[in-house]
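Please read the following report alongside the sequence and the 3D structure shown here.

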Amino acid sequence: MIKKRVLSGIQPTGKLHLGNLIGAVENWVKLQTEHQCFFFIADFHALTTAYAETKHLRSSVKQLTVDLLSAGIDPEKAVLFRQSDVPEHAELHLIFSMITPLSWLERVPTYKGKIDEMKEKDLGTYGFLGYPLLQAADILIYKADLVPVGEDQLPHLELTREVARRFNFLYKETFPEPKDALTNFPVLPGIDGRKMSKSYGNTIAISDPPEELRKKVGSMITDPARVKKDDPGHPEVCPVYAYYQVFGKEMTGTVAEECRSAKRGCVACKKELAEILIKYLAPIHARQAHYQKDQELVAKILAAGAAKAREVASKTLKEAKQAVGLL
């Protein structure tokens with residue numbers, strides 16, 4: 001039976017955090033057992049918003065590779081590589097940029113949203129406007145069948161399908177239209193209650209050691225209406241309870257009841273959660289220690305992944321260039 005091909009990537013913008021783990025990487029770990037998976041570290045994409053801050057880019061790629069391997073990405077089951085090690089991505093992106101109407105990129109919902117969100121940065125570059133097109137090249141260079149996405153990424157995938165249709169219409173049937181593998185996952189709040197995001201500085205990294213983890217969990221905000229311990233709580237609005245729903249599911253009933261009846265204080269609740277997270281992350285920390293000590297192995301895994309990725313990508317690029325008339 002031919003396995004469906006899956007493609008997904010993640011930017012090396014900092015340490016992998018619990019939101020990444022729950023929202024994407026644990027799903028990747030499941031997918032790699034059933035599909036032919038290509039997972040990449042999107043260092044080209046990191047330049048779209050951080051082109052002026054590349055001092056730590058190499059170290060961030062290494063850290064993210066260690067984090068992904070530690071979280072369960074298995075190089076024997078999935079192809080793990082760095083995007084810039086496969087230059088076919090960039091070349092196909094260039095070809096797509098010749099045939100894609102500017103209006104298609106300008107209407108992508110996240111374009112204006114991110115500009116508003118990141119006002120401190122100058123994002124008036126082609127690289128930022130064209131990043132959905134680079135995503136299209138990332139996907140189509142492997143002729144991926146499935147792309148794991150959240151709902152906010154669906155317009156990008158539709159753009160990818162439009163680009164594939166336009167290329168096929170102009171030249172020759174070359175690219176299949178990928179389908180979404182919509183990922184339904186809980187959105188984990190950061191320690192300040194907002195969406196967990198590196199740009200907000202409110203993350204809990206999967207590599208945080210136990211003491212750092214206890215400190216961060218201890219600083220989490222809780223139900224704002226619960227001022228004193230004997231005030232009844234409202235777990236449905238408490239970020240700490242949101243973590244129990246993910247990492248301590250068997251305790252949610254007890255925690256909710258004790259919170260509402262004021263039998264459980266917020267300090268004790270957070271201390272217990274910290275120990276649950278430490279236990280959850282223990283196997284990941286053990287693997288991190290192994291990979292951190294053997295950076296040569298990490299480099300070999302990325303190199304081997306890039307070689308496997310290029311076998312597929314170079315073949316597709318050749319087909320595309322022949323269709324256009326470049327070969």
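The report covers a paired strand, a helix residue and a surface patch.

The model is predicted, so local features need pLDDT of at least 70 and side-chain atom pairs count only at pLDDT 80 or more, while totals for chains, interfaces and linings use all residues. Residues are numbered from 1 along each chain as its sequence is written, and side-chain values use heavy atoms, with hydrogens and water left out.

Strand E4 spans residues 146-149; strands are DSSP runs of at least two E residues and helices runs of at least four H or I residues, numbered from the N terminus. Leu146 and Pro148 on one side of E4, and Val147 and Val149 on the other, are all buried (under 20% relative accessible area, with exposed over 50% and partly exposed in between; 1.4 Å probe, protein chains only). E4 and E5 run parallel and are joined by 4 bridges; pairing requires at least two DSSP bridges. Asp180 in E5 stands opposite Val147.

Thr316 lies in helix H14, residues 295-324. Its side chain reaches the backbone oxygen of Ile141 at 2.9 Å. Beyond neighbours within four places in sequence, Thr316 is in contact (heavy atoms within 4.5 Å) with Leu140, Ile141, Lys143 and Phe175.

Tyr171 sits in the loop between helix H9 (154-170) and strand E5 (179-182). Together with Phe169 and Leu170, Tyr171 makes a nonpolar surface patch of about 340 Å².

The accessibility of two residues is listed below.

| Residue | Relative accessibility | Class |
|---|---|---|
| Thr316 | 3% | buried |
| Tyr171 | 34% | partly exposed |

Technical notes: Patch = residues over 30% accessible without salt bridge, like charges linked within 9 Å, V, L, I, M, F, W, Y side chains within 5 Å. Areas by Shrake-Rupley, 256 points an atom, 1.4 Å probe, with all protein chains shown as cover. Salt bridge = Lys/Arg side-chain N within 4 Å of Asp/Glu carboxyl O. Polar contact = N/O pair within 3.5 Å; in protein donor to acceptor, adjacent residues only side chain to side chain.
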